[in-house]
Amino acid sequence: METWDAITSRRNVRNYEDRAIPEDDLVRVLEAARRTPSSSNKQRWDFIVCTDRDQLRELAEVWTYAKHVASSAATIALIAPVSNDSKERESIHYDLGQATMSIMLAAADLGIGSGHSSVTEHDLARRILGLPEDRACAWLIALGYPADRPLKPIKSPDRRALDDVVHRHRW
Ligand SMILES: Cc1cc2nc3c(=O)[nH]c(=O)nc-3n(C[C@H](O)[C@H](O)[C@H](O)COP(=O)(O)O)c2cc1C
C-alpha cells in the first residue's frame, strides 16, 4: 500500500477475522514502533505483544471500551515508566501517541486493522502482563484483519473541515 493510502485507509477496527497475523508482519509492525521518534531519543517505552486468546480475553477487562481486544489476532500493550512528574508524563504520552500512529500505519499498510483502547484497571493490567511496580500499561492497540470490510481509502472521513482546523500565519 502507498503511504497516502495507508493514512487514508486507517480507521478504528473493532471486529476481527479469526485469522492469525503472520509473524513477519507482526515483527514489521513492532519494528515500526521501535523506530518511532521520541523526546531526546529517550525511548521510554516497551511493547508487549499478546496473541494468546485467554490472555487477550483477560486484557479486554482493563477498561469498559476494551472489549475488541478479546477477539483481536494480537494486541500490543504500550508500557511506560511510572512517573510522578506531570511534565514527564506529558512527554512520555506524546511519544506513545507517536508510537501508536507508527503501529497503526504500518498495520494498515499490511491490510491489518487496529483499534486503540485506554486502560483504567491498572492493577489488573499489571497482573496480566507481569509488569514490575515501576511500569504501567498506558494503552492497548488491538490488531487483526477487519471482519466487516477490508481497509480502503475513506473519501469523507468523520473529521472537522480542513478550513476549520488549519490556520495560516495566525489564529
Ligand atoms: C487516545 C485515544 C484513546 C482511545 N480509546 C479508545 C478506547 O478505549 N476504546 C475504543 O474502542 N476506541 C478508542 N479510541 C478510538 C477513537 O474513538 C477513534 O480513533 C475515533 O473515534 C476516530 O475514529 P477512527 O480511528 O476510526 O478514525 C481511542 C483513540 C485515541 C486517540
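Author: Start with axes: they are lines fitted to C-alpha atoms, for helices over the stretch in contact, and angles run from 0 to 180 degrees between N-to-C directions. Helices (H or I, at least four residues) and strands (E, at least two) are DSSP runs, numbered from the N terminus. This is a predicted model, where local features need pLDDT of at least 70, side-chain atom pairs count only at pLDDT 80 or more, and totals for chains, interfaces and linings use all residues. Residues are numbered from 1 along each chain as its sequence is written, and side-chain values use heavy atoms, with hydrogens and water left out.

Reader: At what angle do the axes of α2 and α4 cross?

Author: Two packed helices are described by the angle between their axes and the distance between the axes. Here α2 (residues 23-34) and α4 (residues 86-109) cross at roughly 150°, and their axes come within 8 Å. Angles under 35 degrees count as roughly parallel, over 145 as roughly antiparallel, 65 to 115 as roughly perpendicular and the rest as oblique. The pair α2 and α4 is therefore roughly antiparallel.

Reader: Which residues of α2 and α4 make the contact?

Author: Contact means heavy atoms within 4.5 Å. From α2 come Arg28, Val29, Ala32 and Ala33; from α4 come Ser102, Ile103, Ala106, Ala107 and Asp109. Ala, Val, Leu, Ile, Met, Phe, Trp, Tyr, Cys and Pro count as nonpolar, Asp, Glu, Lys and Arg as charged, and the others, Gly among them, as polar. By that scheme, the contact holds six nonpolar, one polar and two charged residues.

Reader: Which residues of α4 are buried?

Author: Buried means under 20% relative accessible area, exposed over 50%, partly exposed in between (1.4 Å probe, protein chains only). In α4 the buried set includes Ile92, Leu96, Ile103 and Met104. Their cover includes α1 (3-9), α2, β1 (46-50), β2 (74-81), β3 (113-117) and β4 (135-144).

Reader: Is Leu110 buried or partly exposed?

Author: Leu110 counts as partly exposed, because its relative accessibility is 22%. Leu110 sits in the loop between α4 and β3. Leaving out residues up to four places away in sequence, Leu110 touches Asp25, Arg28, Val29 and Tyr145.

Reader: Where does Ser114 lie?

Author: Ser114 is in strand β3. Ser114 has 1% relative accessibility, so it counts as buried. Not counting residues up to four places away in sequence, its contacts include Tyr16, Met104 and Ile141.

Reader: How many residues separate Asn15 and Gly115 in sequence?

Author: Asn15 and Gly115 are 100 residues apart in sequence, yet 9.2 Å apart in space, C-alpha to C-alpha. Asn15 is in the loop between α1 and α2.
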